[in-house]
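Q: I have a structure to go through before I set anything up. Can you take me through it?

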Amino acid sequence: MIMSVKVVIAKTLAKIGGPVSKLGSGSGKSFAGIIFSKVAGIDAIQELSGELKIGSILLTGTNGKTTTTTLLIKLLSSDIEIRSSFESNTINAIAAALIQQKGDIGVFEYGIRNIKYGIPDTVQRVVNPVGVVYTTISPEHAQVAGVKNPFSEYYKAKELLSKDMNKGVIITNTDDPRTAFLGYKKRDDVKINYYGLEVDDITDFFDAQEIECPACGKILDYEKRFLNHRGVYSCECGFKRPEPNVKLTNAEFGSDKWLLTIEGNLFNYPNNHDISFSVELCVPPFGFHNIYNTLASITAYATFTPKIENIEATVEKVFNNLDMSFIPPGRFEVVRNGDKLIGLGQGDNGDAAKINALFMNQYIDGPLEFIYTTPEEDEEEIFEDHFEVIKALNPAHVIVVPGRKSIAKAEEYYNIIKEEYPDAEFYPLSYAEMAKRIQKLYELAVESEYDYVIMTGCGEEQAMWESIKQKLIKR
């Protein structure tokens, strides 16, 4: 592909600016992309995307994006050189990866909260993905820049990332009716590879919520619930859960390891034909939500690797040697501290907090203390979801700490909790003195009189949780 003069100049300037971008943290090194877009314009990213022989894969969803992207990078990198970005949900991060890296395929995490800031239609047009991966879609990330974003608009923004695709494959969670419907609507335009669960060992212990059919708006009928709104569902309008192409067919859950059997029969894009595989995985007990992330990453890998003969060996090698480093810093983990088992990590929306609770619940064998970090003002809906999680775990004792800036709002939430749990305690720890907050949360966990402690809710997504976690590990 011959590039225009403007694009060549912009790409050269971006490469010169590249070393500056390396001073940034994580994978949000988008400075080269910013330079390119300023000089050549966003539309010129189409020429960068055109350099990829196979094309680009975009990963989106409410939860699980970063973990799924990280796992997919591990898998695909075993077979082919790739360009990638994660934890930086901007078009400039994608452009920077296209400019600064080499490879025939792109793997890019792309979170979207609304159309205005996420520009999903523009991203779809200029990146022109051959693959879009949906993890799950739920209303937890509907607030943007302090403004409540209607869920219908949030959902539409996710859909726009794949709406105009006319080639490639959509990879989507069939157990989630919202993501499944996005694939269902595009079945005449592109290939759809669904993933989901085909086991009886995973069930949701939360009260069932009514979920509207994405096709007609009526209430879905659930035969089985796996995790929140994910399960086996159908509607009188005719829409129902599609059969998964990649599925978990057996699971054995132990205290120190999980044995998972995953079977697949799906369309492989580079080779343009259907393939089959079966793998037996031995993984750490990394939580039910990560089973979905595992399925999503394996489905995307098997869909886009050009080396289909490697699928089973590569998947088993990657997952049978997990050291948990694939879980981003600050995410929920259960650690042993003396005689205590302490589960802690970010749970800043209802879905994430429920997932954390389901993860922790498999370890609880006695009275539990819940150390809850609260949301901010105007986040009452998040609190309501969190309170449901607290009550579902039925803790023997509750401690409430501000997770955001407002101590006054945190105390309001505490007073609501105290009506249900009269012995609940409140610690008005200041956001401005984060080091003291971290130290006190650590002390509350290790000095707890209970053998089982869960600490979750809102907070500094990585720094606070990771600091506490490291203190617990080193003790």
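A: One term to begin with: a polar contact is a pair of N or O atoms within 3.5 Å, and within protein one must be able to donate a hydrogen and the other to accept it. Also, this is a predicted model.

Q: OK. What lies 2.8 Å from a polar atom of the Thr-60 side chain?
A: The backbone oxygen of Tyr-110.

Q: Where does Thr-60 lie?
A: In strand β1, which covers residues 55-60.

Q: Is Thr-60 buried or exposed?
A: Buried, because its relative accessibility is 0% and the cut-off for buried is under 20%.

Q: What is Thr-60 in contact with, leaving aside neighbours within four places in sequence?
A: Its contacts include Tyr-110, Gly-111 and Ile-112, then Val-133, Tyr-134 and Thr-135. Lys-65, Lys-158 and Leu-161 are also in contact with Thr-60.

Q: And how many residues of β1 are buried?
A: 6 of the 6, so β1 is largely enclosed by the rest of the structure.

Q: Which strands is β1 joined to?
A: β3 (residues 105-109) is joined to β1 by 5 bridges, and the two run parallel. β4 (residues 131-134) also runs parallel to β1, with 4 bridges.

Q: What is the strand order of the open sheet of 9 strands?
A: The order is β2-β3-β1-β4-β7-β8-β11-β12-β13, with mixed pairing. β2 (82-85) and β13 (273-283) are at the edges with a single partner strand each, so one side of each has no neighbour in the sheet. From one strand to the next, the twist averages 10°.

Q: Which helix packs on that sheet?
A: α10 does, touching β1, β3, β4, β7, β8, β11, β12 and β13. The direction of α10 makes about 35° with that of β12.

Q: Changing topic: how many residues are in the largest nonpolar core?
A: It has 81 residues, and Leu-248, Ile-291, Phe-319 and Ile-417 have the most contacts inside it. Helix α10 (residues 288-304) gives the most to this core, with 10 residues. A second, separate core has 48 residues, including Ala-40, Phe-108, Leu-182 and Ile-192.

Q: Why would such residues end up buried together?
A: In soluble globular proteins, nonpolar side chains tend to be buried together.

Q: What does Ile-417 touch, not counting residues up to four places away?
A: Tyr-372, Phe-383, Phe-387, Ile-390, Val-398, Val-400 and Ala-424. Phe-383, Phe-387 and Ile-390 are among the buried residues of α13.

Q: Which residues of α13 are buried?
A: Ile-382, Phe-383, His-386, Phe-387, Glu-388, Val-389, Ile-390 and Leu-393. Their cover includes α12 (350-361) and α14 (407-420), together with strands β16 (368-374), β17 (397-402) and β19 (452-457).

Q: How does α13 run relative to β16?
A: At about 175°, and α13 lies across β16, β17 and β19. Helix α15 (residues 434-446) packs on the sheet as well, touching β14, β15, β16, β17 and β19, with its direction at about 165° to that of β16.

Q: What is the order of the open sheet that 6 strands form?
A: β14-β15-β19-β16-β17-β18, with mixed pairing. β14 (333-337) and β18 (425-426) stand at the edges; each has a single partner strand, so one side of each is left without a neighbour in the sheet.

Q: In what sense do β16 and β19 pair?
A: Parallel, over 6 bridges. Leu-368 has Tyr-452 in β19 as its bridge partner.

Q: Last one, Ile-454: buried or exposed?
A: Buried, with a relative accessible area of 0%. Ile-454 is in strand β19. Beyond four places in sequence, its contacts include Leu-368, Phe-370, Ile-371 and Leu-393.

Q: How far is Ile-454 from Thr-136?
A: Their C-alpha atoms are separated by 24 Å, with the two residues 318 apart along the chain.

Methods:
Residues are numbered from 1 along each chain as its sequence is written. This is a predicted model: local features need pLDDT of at least 70, side-chain atom pairs count only at pLDDT 80 or more; totals for chains, interfaces and linings use all residues. Side-chain values use heavy atoms; hydrogens and water are left out. Buried means under 20% relative accessible area, exposed over 50%, partly exposed in between (1.4 Å probe, protein chains only). Contact means heavy atoms within 4.5 Å. A nonpolar core is a set of buried Ala, Val, Leu, Ile, Met, Phe, Trp, Tyr and Cys residues joined through side-chain atoms within 4.5 Å. Two strands pair if DSSP finds at least two bridges between them. Axes are lines fitted to C-alpha atoms, for helices over the stretch in contact, and angles run from 0 to 180 degrees between N-to-C directions.
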